[in-house]
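Hi,

Here is the structure I promised to pass on.

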Amino acid sequence: MSKDKKDREKMVAVQIEARGIKNTKVLSIMRKLPRHLFVPVGMKSSAYRDEPLPIGEGQTISQPYIVAYMTEALSLKKHEKVLEVGTGSGYQTAILAEMVHEVYTVEMVVSLSEKAQKVLVELGYKNVFFKIADGTYGWKENAPYDAVMVTAAPSKIPKELISQLKIGGRLIIPVGDFYQDLVLIVREKDGFREDKLLPVRFVPLVTTQ
Ligand code: SAH
């Protein structure tokens, strides 16, 4: 077994399965997906560690456990369409692309989006669509979405993101300034259900207005 493969097996066993993630699809994707391709060259030996890592521009690739947790919490189905805000390294994007039919991903920092596009194209993903913009406003042209995942934290939940959910659609988002909660919103026929899942630390969702 190659070193990368061994590191991934261990990452999934120790950091993810042992902490209660059960979704078999999420576990098998994370055993397979080469996370080291999504981090800067000098950080490759740290790619499978139990922590977020810098990816440039003051941004980070999320900790593996948080990636697994957020993906599982969305209860995704193969035929679904997902919006991701904060492409970053593209690692979470690739996992979503394995889970569902189409992924629309928005990133504000040009260089990060371009780098992520390159890695994802090289890995052969054809169901990912990229946009360079302020994701606070979602991606209206392709709405509504079955699920929305936001990987940067606003101080309050942007209305546009909620309005781009289908009935039955789920939104997962870290909310807060210094202390943040990971929040899951489900859009129901006559309103929204909101659950606080977990205290987290994400980079801020930068807004242009
Ligand atoms: N899922 C990514 C997380 C990257 S960190 C990964 O694991 O690699 C969060 C990302 O959100 C950063 O790349 C940052 O540039 C981006 N971001 C911050 N505010 C944004 C906004 N308003 N619109 C789009 N992207 C934003």
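Below is what turned up, starting with the sheet and ending with the charged pairs.

Some ground rules first: this is a predicted model, where local features need pLDDT of at least 70, side-chain atom pairs count only at pLDDT 80 or more, and totals for chains, interfaces and linings use all residues. Residues are numbered from 1 along each chain as its sequence is written, and side-chain values use heavy atoms, with hydrogens and water left out.

**The sheet**

There is an open sheet of seven strands, in the order β5-β4-β3-β6-β7-β8-β9, and its pairing is mixed. β5 (128-132) and β9 (191-200) are at the edges with a single partner strand each, so one side of each has no neighbour in the sheet. On average, neighbouring strands are turned by 15 degrees against each other, direction ignored. (Helices, H or I of at least four residues, and strands, E of at least two, are DSSP runs numbered from the N terminus; two strands pair if DSSP finds at least two bridges between them.)

β8 (residues 180-188) pairs with β9 in the antiparallel sense over nine bridges, and I185 sits opposite E194 in β9.

Helix α5 (residues 110-122) lies across β4 (102-107) and β5, at about 165 degrees to β5. Axes here are lines fitted to C-alpha atoms, for helices over the stretch in contact, and angles run from 0 to 180 degrees between N-to-C directions.

**Helix α1**

The buried residues of α1 (residues 3-17) are R8, M11, V12, Q15 and I16. They pack against α2 (24-32), α3 (64-73) and α4 (91-99). Contact means heavy atoms within 4.5 Å; buried means under 20% relative accessible area, exposed over 50%, and partly exposed in between (1.4 Å probe, protein chains only).

**Salt bridges**

The whole structure has 12 salt bridges, each a side-chain nitrogen of Lys or Arg within 4 Å of a carboxyl oxygen of Asp or Glu.

- E9 and R31 meet at 3.5 Å, N to O. E9 is in α1 and R31 in α2, so the pair ties together parts 22 residues apart in sequence. E9 is partly exposed at 27%, as is R31 at 23%.
- K32 and E98 have their closest N and O atoms 3.3 Å apart. This pair links α2 with α4, 66 residues apart. K32 is partly exposed at 48%, whereas E98 is buried at 17%.
- K5, E9, E17 and R31 are linked in a network of salt bridges.

Cheers

How values were computed. The expected span of a helix is 1.5 Å times one less than its number of residues.
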